[in-house]
Amino acid sequence: MEASNRDYNDLKKDFINIKNEYRTVPFLHMDGDISNEEEIGNLFASYKKSGYGGLTLLPVSETIPKFNTEEYYNAYGKILEKAKKLGMSVIYYDDLDFPTGHIGGELAEKYPQALAKQLCRKIYSCSENEKVKIKLVVDGTVLSVIAQEEESRNIIDL
């Protein structure tokens, strides 16, 4: 019985003072100037104060200095130094934007034919004789627009 009490007390102590390696490490979109050491220091300190164990730094198109440049890695090195001083971890995300696999747009530029394609459908229900005017927000090519009677599924001539 004494051994299980000791185990419980050790576990209780672990939960009161959680080791850094078990703390949450959220994504942080680096959508600004990462070379501003004071701002980065304040940011890390606030995450530390909130109980996080570190950050997963996700560079995005708006990251300054530009991703994958010498200036970027110099600024990143200073971020690592700051994290180390605070006892925090940094997970290195070696790509630009999310999801991974874009290599900062290089694959899309070099192999546009290999990009994933997506077919989207938008459904709008209306009443009989209702005049419908919908602005299409399109980031690609409109393949078709149809009208279909809901119950019979008959296509209506537009």
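User: Hello! Which strand is joined to β1 by four bridges, and do the two run parallel or antiparallel?

Analyst: Welcome! This is a predicted model. In it, β1 covers residues 27-30, and four bridges link β1 to a strand spanning residues 54-59. The two strands run parallel, and the partner strand is β2.

User: Which residue in β2 is the bridge partner of F27?

Analyst: F27 belongs to the uncovered face of β1, together with H29. Across in β2, the bridge partner of F27 is T56.

User: Which residues make up the covered face of β1?

Analyst: In a regular strand, side chains alternate between the two faces of the sheet. In β1, F27 and H29 are on the uncovered face. That leaves the covered face to L28 and M30.

User: What is the handedness of the β-α-β unit that β1 and β2 make with a helix?

Analyst: The helix in this unit is α2, residues 37-49. Together, β1, α2 and β2 make a β-α-β unit that is right-handed.

User: How many salt bridges does a search of the whole structure find, and which residues form a salt bridge?

Analyst: Side chains of opposite charge can pair when their charged atoms come close. The search of the whole structure finds one salt bridge. Its closest N and O atoms are 3.5 Å apart, and the residues are E37 and K78.

User: Is K78 buried, partly exposed or exposed?

Analyst: Buried would need under 20% relative accessible area, and exposed over 50%. K78 has a relative accessible area of 42%, so K78 is partly exposed.

User: How are the rings of F67 and Y72 arranged: stacked, tilted or edge-to-face?

Analyst: The ring centres of F67 and Y72 are 5.3 Å apart. Planes over 60 degrees apart count as edge-to-face. The planes here stand at 75°, so the pair is edge-to-face.

User: What about Y72 and Y76: how many residues apart are they in helix α3, and what kind of aromatic pair do they form?

Analyst: Y72 and Y76 are four residues apart in helix α3, which means about one helical turn separates them. Both are buried. Their ring centres are 5.8 Å apart with 40° between the planes, and the pair is tilted.

User: Which residues form the aromatic cluster?

Analyst: The count of aromatic pairs comes to five. Among the residues involved, F67 is buried at 12% relative accessible area and Y72 at 0%. The one aromatic cluster is formed by F67, Y72, Y73, Y76 and Y92.

Conventions: Residues numbered from 1 in each chain as written. Predicted model: local features only at pLDDT ≥ 70, side-chain atom pairs only at ≥ 80, totals over all residues. Heavy atoms only, no water. Phe/Tyr/Trp six-rings, centres within 6.5 Å; stacked < 30°, edge-to-face > 60°. Buried < 20%, exposed > 50% of the residue type's maximum accessible area, 1.4 Å probe, protein only. Pairing = 2+ DSSP bridges. Right-handed = clockwise from strand over helix to strand, strands pointing away. Salt bridge = Lys/Arg side-chain N within 4 Å of Asp/Glu carboxyl O.
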